[in-house]
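The sequence and structure are shown first, and the description follows.

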Amino acid sequence: MHTVLITGGAGFIGSHLTRLFVTKYSQYKIVNIDKLTYAGNLENLKDIEHSPNYEFVKGDITDLPFLRSLFEKHQFTAVLHCAAESHVDRSITDPLAFVTTNVVGTGCLLQTAKEFWKDNFDNKIFYHISTDEVYGSLGKEGFFTEETAYDPRSPYSASKAASDHLVRAFYHTYHMPVKISNCSNNYGPFHFPEKLIPLCIHNIINNKPLPIYGKGENIRDWLYVEDHVRAIDVIFHTGKIGETYNIGGHNEWTNIDLVKELCKQMDLKLGRETGASEKLITYVKDRAGHDLRYAIDATKLKNELGWMPSLQFEEGISKTIDWYLNNTEWLNHVTSGNYQNYYEQQYDKR
Ligand code: NAD
Ligand code: DAU
């Protein structure tokens, strides 16, 4: 039995995680707190919003009095911490927003959990969801393992690395029962169209340029979001306290090959002439400090806890495109208003 606090449950990964826990563990009470920034959207949770074991509370993880009153009310036994500022490009424009939410916010959550659990940590879990970007950038060879030294290079990854360090500090200093996972790039439904895959799907639908940073040779290791949250479920229930687990898909793509694959599949699905969408590819100014390659070695998770990705990429990307084509209302809602201002600032001067 758990009373679980999920933070950032209205975001991309958080909404899939909330859905999985609410539907799979009807005996748990799940409380989702989210500030509902531009990236948080309650439409992501419409199908479960009336579930008897689920409650949403709007709130900010940097607000200590709010967190204390919430812990007092619900007596949480577990925290699944997803809330973050998550987009690298935004961290280049506004690094302090990332320090505030990702570092200070994680500190506030840890401190509140410590105060309420009063150093009696029996049957408690503080699970921190993190990223492979904390390990820095790989050359053509090699993989990130759990032993790879941290070497974050963007304000986003530096803020996530700092939050990982804080979580480990609470484990070593106070014996807080923590777990951390570091995952590679996710894709799937409800992904906000500022990130490469949903941005390109949206632009292909609308016949707009597909902006490729630099030469498109950077490599990412893509994992279907439902496989990520399945891994979190396994680690939450069977992973060891104090341990870190890497999660990845063994699925590396250069950005240009990935976008060409998207174009190919979308031409077929939209009934366009072969090669029509590829003509939209436009090379633009590179991202500052652009990490070359990420690739995860998830052997520990496979050998110790038996997790493996379930979907092949071509199938996952096909499901994802279908979801966006069938959910144009969601896409239109999230790309109205502030999205247009962001898009102009981010791309018009490149
Ligand atoms: P997202 O940007 O889609 O969602 C973040 C959510 O956090 C939003 O709902 C937002 O409203 C909420 N939030 C932001 N600031 C908050 C605050 N101060 N208080 C409360 N809520 C706040 O992000 P995502 O892609 O779903 O990522 C979720 C987590 O997973 C992040 O910690 C991210 O670092 C990590 N991660 C993401 C990926 C990926 O590929 N997207 C991969 C590995 C790890
Ligand atoms: O590796 C995990 C990380 O993956 C997560 O921690 C982050 O929250 C998540 O945003 C993601 O970071 P990336 O920077 O890798 O994802 P993004 O989709 O922004 O970019 C993927 C690649 O595509 C990257 O090499 C930059 C490039 N790119 C991105 C955009 C938005 C383009 O070429 N053009 C674009 O318009």
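## The shell around ligand 1

Four elements, α1 (12-24), β5 (125-131), α5 (155-174) and β7 (185-187), each contribute at least two residues to the shell around ligand 1. The greatest contribution is that of β5, with three residues. The model is a predicted one. In total, 28 residues surround ligand 1, and the closest are Ile13, Asp34, Ser86, Tyr156 and Lys160. By class, this shell comprises 12 nonpolar, 12 polar and four charged residues.

A polar backbone atom of Phe12 lies 3.0 Å from an oxygen atom of ligand 1, and a polar backbone atom of Cys82 lies 3.1 Å from an oxygen atom of the ligand. In the case of Asp60, an N or O atom of the side chain is 2.9 Å from a nitrogen atom of ligand 1. Of the 830 Å² that ligand 1 exposes when taken alone, the protein buries 96%.

## The shell around ligand 2

Ligand 2 is surrounded by 24 residues, and Asp132, Tyr156, Arg287, His290 and Tyr347 are the closest. At least two residues of the shell around ligand 2 come from each of α3 and β8 (210-213), and β8 provides the largest share, three residues. The shell divides by class into nine nonpolar, eight polar and seven charged residues.

An N or O atom in the side chain of Asp132 is 2.5 Å from an oxygen atom of the ligand. A polar side-chain atom of Asn185 lies 2.8 Å from an oxygen atom of ligand 2, and for a polar side-chain atom of Asn255 the corresponding distance is 2.9 Å. Taken alone, ligand 2 exposes 690 Å², of which the protein buries 95%.

## The largest pocket

The largest pocket holds about 480 Å³ of space. Its lining consists of 18 residues, and Asp89, Arg90, Ile92, Thr93 and Gln346 lie nearest the centre. Two or more lining residues come from each of α3 (88-93), α4 (95-117) and α12 (338-347). The largest share, four residues, belongs to α3, an element that also supplies at least two residues of the shell around ligand 2.

About 210 Å³ of space lies in the second largest pocket. Among the residues that line it are Tyr38, Gly40, Asn41, Glu43, Phe192 and His333. Arg90 also belongs to this lining, and it is one of the residues nearest the centre of the largest pocket. The elements giving two or more residues to the lining of the second largest pocket are α11 (328-334) and α12.

The largest share here, three residues, comes from α12, an element that also gives two or more residues to the lining of the largest pocket. By class, the second largest pocket is lined by five nonpolar, five polar and two charged residues.

Technical notes:
Residues are numbered from 1 along each chain as its sequence is written. Chains are lettered from A and ligands numbered from 1 in the order in which they are written. This is a predicted model: local features need pLDDT of at least 70, side-chain atom pairs count only at pLDDT 80 or more; totals for chains, interfaces and linings use all residues. Side-chain values use heavy atoms; hydrogens and water are left out. On a 1 Å grid over the protein atoms alone, a cavity is a set of points where a 1.4 Å probe fits but cannot get out, and a pocket is an open set with protein on both sides within 12 Å along at least five of seven lines; lining residues have an atom within 4 Å of a point. Grid points are joined across faces, edges and corners, and a volume is the space filled by probe spheres set on the points. Ala, Val, Leu, Ile, Met, Phe, Trp, Tyr, Cys and Pro count as nonpolar, Asp, Glu, Lys and Arg as charged, and the others, Gly among them, as polar. A residue is near a molecule or strand if one of its heavy atoms lies within 4 Å of it. A polar contact is a pair of N or O atoms within 3.5 Å; within protein, one must be able to donate a hydrogen and the other to accept it, and residues adjacent in sequence count only if both atoms are side-chain atoms. Accessible areas come from the Shrake-Rupley method with a 1.4 Å probe; for residues, only the protein chains shown count as cover.
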